Amino acid sequence: MAEGARKTVSPFVRMACGGLSARCTLCRSASADRSHPALSYTWDMKTGRLIAAAWLCLFTAVAVPQAQKPAIAAEKPAEKPASQAADTTATATPKAPAASPDERAPDEATPAGEGVDAAAVDADIAAQELSGEAQVRLDAARDAVVQIRGFFDSSESSAFHGSGFAVKDGRRIVTNYHVVALAVLFPRKYRLEYLASDGRTGPLHVLAIDVRNDLAIVAADDLKLPVLNLWSEIPAQGERAWSIGFPLDLGLTITEGVANGLVENSIGQRIHYTGAINAGMSGGPALDRRGRVYGVNVSVVTERQLVGFVVPAKHVAALLARAKEPLDRAYSAQQLRQRVTAQVIAYEAEILEAPQDAVGTQQMRGYTLPTQLSRYVECSTIDEKSPHVRVRVEAIRCRIPSGIVAQPGLYVAGLSIQHRLLQSLGMHPLQFERQVNKLAAAPRRAGSAAHVAPFACSNALVSLDGFDARISTCVRQYRLLNGLYDFDVTVVEIDDTSEALVSRLALQGVAFEAGRQIMERYLGGLQWKP
Amino acid sequence: MLVEQLGPHAHSVLRQRFEGAGAECRIGRDLGCDIVLDDEHAAAQHALLTLLEDGRVRVQDLGTRNGTRLGGKRIPAESGTIVEQAEIIVGTTRIRIRTRLAALGPERLFRRDYVRRHRTPLATAGVMACLAFGIFLQWLDAPSPLLPGLTKGALVALGVIAVWTAAWTLMAKLNRGTWNVRVHTTIASMGAAFCAWGYWVAGLVAFAVQWSFLVRVGSVVVALVVLAAIYLHLREATYYGRRIALALAGAMTLVIGITAWLVEIGVDQGDVNRMTLGPDVRLGTARVVPNRDIDDYLAEVDELRIAAARERQRSLLVAPLVDAED
């Protein structure tokens, strides 16, 4: 109950008062030495800060809805002189849970309407309320969830780790492909182990992988666990949900959040989950409010806060059908890499497939610029920062908004196009030329030497539809996944001394033929008409 | 006979003439010698030169520990050896002997030293050319405000020339006793201006003929200019002969070239994100080669598959995969 009640307090109040109690600890140590003359000034400073923090706490608290008053009342005594406040705040936290259920904010976590009458909804909310439900969920799932750990060579300490959970007959464990990727790609160098809730450990083998949906099925010979039930539907938007896993190797953890439905326009289907999914929770189960597994956690995108993604459970069923025998026994490392490569190529082929009708284009000052090279491409006209005050830049940037992990650390996002039209504002042609060259040659690729080989380039002056351009094409191969290429095509229009088009097509992780075809589609789409 | 003591750069530091048959010249550290050496490897009485009746010279070693050398061989102590003209080594000092019998070659033709005669206008012109390039380079970037930017370009150009010239004039002062400021300024500034403008023009031409290799040819030309400049500096500032000066200049050019290569290219040679886009584009300029057809170009792109595969092989050789040994 204590945990639950604390949650009703707004994060602001918690932050301010958390800071306050931290400061009080400082005060206490300072007041012990108060007799020391040298310390008296410091002590005064700290008292000032304490009072300021207390005021901040009070202020924030006033701003939050009435319903949370009890929590504030508990924190209020902090305004007293430091020596007393220190003692009071120390006990403030246990007092906080004074919040009673009927005083809670009614707008919290309303499940999407399912046509149920109000009373039922209320009961449902009550059932979902903070409370110990997370604890119940965790206890129910505890035995089905294992930590998956990867070891390099004969090393005793793990090189990477993630989570997984048992399904079907209890002998199949579902996890993310990126969790086990190293063991798939380097079967002689990396091995997998599970760590069950009862402390058992043992070797794991990969049975099937789905690079596109970032899923993998693993199994251990001697392991049979209680199972979690898969639910192949998507939770309604706004429905409360939980994610379980081993974040940052901290032990089994459950986080609470809200399922937000399928991500719009996503090729590889993902359910958007607003809640913490941290590294290490990958592969763990995502539970809906009835405790069914609606998906598998994915924590790849790290630079966002509390925006997590979950792979829908329906993809697991298809993969389970394919899981027969351990891959590393059936195939050589070379063959495994070929399988991964083939899956990446199949994915790319689908997302880069030419649209049914003609390639979508956009107009810009007489130029026709190809944008919709495939139907998944999204474009935005951006107000790009100009490289120089006397150069005006208009830009269209297009990309495919999702990608897959082909290999740990190698995120393959398919395609991006950048059209930039530069206009000279009274610059000398030589000066303008310099700006054009600088922009065209600006470094832009972020590839790691561990994953890709250097580029091979060729360039020429080519007559395109309506204008002449210098085209530079650079191609590089992936080191491990033989058969995947990166393309980078830079087109610089060279006819005019006061206006220049700098356009760029970048492809990631495509087969050579596919890349060349898209390049042809792209170059064919560029056009200028006065 | 004429006896000359030679300095480290083979120029004579002391010369003395002896006439009449039987004339003797003693060489050693002793003050009683005709040629007194300040050489710790020479004996007090080291060598004896005697002018014979037929005009030739007998060279004798006076029984020293280090001996006297002629053409790399020790001269026998008792009998000595008879020469018409020779260069002997006493201790570590070189002594040149010449007699009337030695044939003289024709006089060297006097060539007017153009640079030395016109050193003032040449130095001025060179410095101006460098200044112009520094300012031009800054102007290309269209700095705003303009004036401080251009001043910076001019100051950098002047500074580079000044430092380089100062080093060589100091060397000239130490070696030859004269500063020769204008001559060194001429060599430095002319060389620098030629490199800078030449390289820029090479870029223009490279785009016009679409020959990326031309930029590399430009680098070779720049290297040759640097070599010539250092050679001329060495000849002006030291007593080194042609061959030694050339060898030194070559070595210095090599060092400069390797350093520049390491800084400019070598560092990011292994960079997997590095793309070579070809010669910089020149907007709206005349071009020598006709444009390519798009299909023609795409056919060329097909060849990149092989080139990329080669890059991958090379990359795997340099940094093998984790399980490469399997």
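**View 1. The largest nonpolar core.** A nonpolar core is a set of buried Ala, Val, Leu, Ile, Met, Phe, Trp, Tyr and Cys residues joined through C-beta atoms within 7 Å. In this predicted model, the largest such core has 133 residues, and the members that touch the most others are A:Val180, A:Val184, A:Val218 and A:Val436. Helix α8 of chain A, residues 177–185, supplies the largest share of this core with eight residues.

**View 2. Zooming in on A:Val436.** Who does A:Val436 touch, once we skip residues up to four places away in sequence? From chain A, there are A:Leu422, A:Val492, A:Ala500 and A:Val502. Chain B joins in too, with B:Val281 and B:Leu283. There's also a second, separate core of 26 residues, and among its members are B:Met190, B:Ala192, B:Cys195 and B:Leu234.

**View 3. An open sheet in chain A.** Seven strands sit here in the order β15-β16-β19-β23-β22-β21-β20, with antiparallel pairing. At the edges you'll find β15 (378–382) and β20 (456–463), each pairing on one side only. On average, neighbouring strands of this sheet are turned by 15 degrees against each other, direction ignored.

**View 4. Strand β20 of chain A beside β21.** These two run antiparallel and are joined by eight bridges; β21 covers residues 468–477. Pick out A:Ala456, and its bridge partner in β21(A) is A:Val475.

**View 5. Where chains A and B meet.** Chain A puts 61 residues into the contact and chain B puts in 41. On the chain B side, α8(B) gives the most, with nine residues. Sort that side by type and you get 18 nonpolar, nine polar and 14 charged residues.

How values were computed
Residues are numbered from 1 along each chain as its sequence is written. Chains are lettered from A and ligands numbered from 1 in the order in which they are written. This is a predicted model: local features need pLDDT of at least 70, side-chain atom pairs count only at pLDDT 80 or more; totals for chains, interfaces and linings use all residues. A residue is buried if 20 or more other C-beta atoms lie within 10 Å of its own, exposed if 12 or fewer, and partly exposed in between; C-beta atoms are placed from the backbone. Helices (H or I, at least four residues) and strands (E, at least two) are DSSP runs, numbered from the N terminus. Two residues are in contact if their C-beta atoms, placed from the backbone, lie within 7 Å. Two strands pair if DSSP finds at least two bridges between them. Axes are lines fitted to C-alpha atoms, for helices over the stretch in contact, and angles run from 0 to 180 degrees between N-to-C directions. Ala, Val, Leu, Ile, Met, Phe, Trp, Tyr, Cys and Pro count as nonpolar, Asp, Glu, Lys and Arg as charged, and the others, Gly among them, as polar.
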